[in-house]
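Student: I am new to this structure and would like to learn how to read it. Could we take one feature at a time?

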Amino acid sequence: MPALESIRDRFLGGELSAPVALMQMLVSTADLEMVESAAPAELRQLLDANRAGCTRICEMLHSGVDAPAESETVEGNLAFARQLFDWSVSQSEEASVALYSLGNADLLAAATAEVVELFNRWALLGTQVRCLQIGCGIGRFEAALSGRVAEARGIDISPKMIAAARRRCAGIPNVIFDVTEGRDLSIYSAARFELVYAVDSFPYLIQPGLELVDRHFADAARVLTPGGHFALLNFSYRDDPDADRREVRALADRHGFAVEVDGARLLSLWDALAWKLRKQSADTIRMNAEGRGAEIRMVSPD
Ligand SMILES: C[S@@+](CC[C@H](N)C(=O)[O-])C[C@H]1O[C@@H](n2cnc3c(N)ncnc32)[C@H](O)[C@@H]1O
């Protein structure tokens with residue numbers, strides 16, 4: 001996490017929204033007083049208006065909520081994520097899915113609405129669309145999308161997240177949640193969804209390396225209908241957008257996705273990188289492979 005001065009400068013330069021800047025300052029210090037003395041007036045006002053939430057976030061940070069998983073194995077990492085999010089959601093439902101909400105339900109709702117509007121602009125929604133979110137947390141997207149799609153499903157590794165999601169979406173008939181082992185999408189049959197998306201969950205899948213991420217790309221390709229979309233918001237937390245774009249392009253290529261949006265910053269409230277991938281038909285994949293084969297043949301001396 002960058003130092004306070006650099007966060008303040010990026011905020012004053014218009015690169016970061018006020019909630020993201022304040023959240024980054026909190027994460028960088030876990031110290032309310034230090035943030036208060038370094039923050040410009042607008043951020044101090046935001047902190048004042050959300051003091052209880054910011055205090056809770058500092059307490060969560062002191063408990064190591066943002067510490068990377070110590071285990072480097074897939075199994076150890078999955079156990080870590082389950083425990084981390086079971087605990088976080090019991091501290092603050094809003095902050096557990098988005099620290100930049102500062103624990104404030106209205107801020108979180110505004111950020112959720114902005115992502116839904118992005119999906120709408122990308123033409124991903126519609127009354128025929130069945131969608132699946134990987135790492136759905138408290139179900140804020142399922143609640144927001146339920147009136148705009150045929151079916152909104154969410155899976156999560158954390159039983160307590162799913163319990164919160166079920167409570168928050170109780171009575172919405174086309175919303176369904178499942179706890180999963182977090183390894184893949186094997187509970188779903190092929191061509192089951194028109195849209196698969198992941199909002200800020202891939203940074204946890206990628207922690208032990210690319211194995212889980214690769215499996216999820218393979219399975220997203222399997223469970224999507226041809227032409228279906230895979231939307232990703234944030235791929236990692238390593239703060240290297242070019243490396244993220246390179247890896248997503250390689251994964252997309254390997255699993256038959258066309259990259260329609262390549263890691264762009266398109267939201268005003270949240271600084272996530274956004275990808276829109278489209279599952280290509282078997283014919284397109286074959287033609288591309290043949291095209292590449294022809295290129296390789298052309299440069300070959302014989
Ligand atoms: C930062 S939260 C975001 C939640 C939700 N996408 C949102 O934006 O409201 C990340 C979520 O991913 C879930 N998660 C982490 N690793 C996972 C895995 N391997 N499979 C499924 N969910 C996972 C966590 O339990 C947590 O709910």
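Student: Are helices α1 and α2 roughly parallel or antiparallel to each other?

Tutor: The general idea is to sort the angle: under 35 degrees counts as roughly parallel, over 145 as roughly antiparallel, 65 to 115 as roughly perpendicular, and the rest as oblique. In this structure α1 and α2 are therefore roughly antiparallel. The axes of α1 (residues 4–12) and α2 (residues 18–29) cross at roughly 180 degrees and come within 10 Å. An axis is a line fitted to C-alpha atoms, for helices over the stretch in contact, and angles run from 0 to 180 degrees between N-to-C directions.

Student: Which residues make the contact of α1 with α2?

Tutor: From α1 they are L4, I7, R8, R10 and F11, and from α2 they are A18, A21, Q24, M25, S28 and T29 (contact means heavy atoms within 4.5 Å). By class, the contact has 6 nonpolar, 3 polar and 2 charged residues. Ala, Val, Leu, Ile, Met, Phe, Trp, Tyr, Cys and Pro count as nonpolar, Asp, Glu, Lys and Arg as charged, and the others, Gly among them, as polar.

Student: Before we go on, what should I know about the model and its numbering?

Tutor: This is a predicted model, in which local features need pLDDT of at least 70 and side-chain atom pairs count only at pLDDT 80 or more, while totals for chains, interfaces and linings use all residues. Residues are numbered from 1 along each chain as its sequence is written, and side-chain values use heavy atoms, with hydrogens and water left out.

Student: At what angle do α2 and α4 pack?

Tutor: The angle is about 80 degrees, and the axes of α2 and α4 (residues 41–49) are 10 Å apart. The two helices are therefore roughly perpendicular. A18, P19, A21, L22 and M25 of α2 meet E42, L43, L46 and L47 of α4. That contact has 8 nonpolar residues, no polar ones and 1 charged.

Student: How many helices and strands does the protein have?

Tutor: There are 14 helices and 7 strands; helices (H or I, at least four residues) and strands (E, at least two) are DSSP runs, numbered from the N terminus. The radius of gyration is 20 Å, close to the 19 Å that the globule rule gives for 302 residues, so the protein is as compact as a globular protein of that length. That radius is taken over C-alpha atoms, and the rule is 2.2 Å times the number of residues to the power 0.38. Along the principal axes, the C-alpha atoms fill a box of roughly 70 × 50 × 40 Å. Among contacts between residues at least 6 apart in sequence, 65% join residues at least 24 apart.

Student: What share of the residues is buried?

Tutor: Buried means under 20% relative accessible area, exposed over 50%, and partly exposed in between (1.4 Å probe, protein chains only). Here buried residues make up 50% of the 302.

Student: How many salt bridges does the structure hold?

Tutor: A salt bridge is a side-chain nitrogen of Lys or Arg within 4 Å of a carboxyl oxygen of Asp or Glu. The structure holds 22 of them. One joins the side chains of R10 and E15 at 3.0 Å, N to O. R10 counts as partly exposed at 25% relative accessibility, and E15 as exposed at 54%.

Student: Which parts of the chain does the pair E93 and R168 link?

Tutor: The side chains of E93 and R168 meet in a salt bridge of 2.5 Å, N to O. This pair links distant parts of the chain, 75 residues apart: E93 is in α7 (residues 93–97) and R168 in α10 (residues 159–168). E93 is buried, at 17%, while R168 is partly exposed, at 35%. Both belong to a salt-bridge network that links E93, E94, R167 and R168.

Student: Where does A30 lie?

Tutor: A30 lies in the loop between α2 and α3 (32–38). A30 has a positive phi of about 55 degrees although it is not a glycine, and it counts as buried at 14% relative accessibility. N234 also has a positive phi, about 70 degrees, and is not a glycine. The loop that holds N234 is between β5 (224–233) and α13 (241–254), and N234 is buried, with a relative accessible area of 10%.
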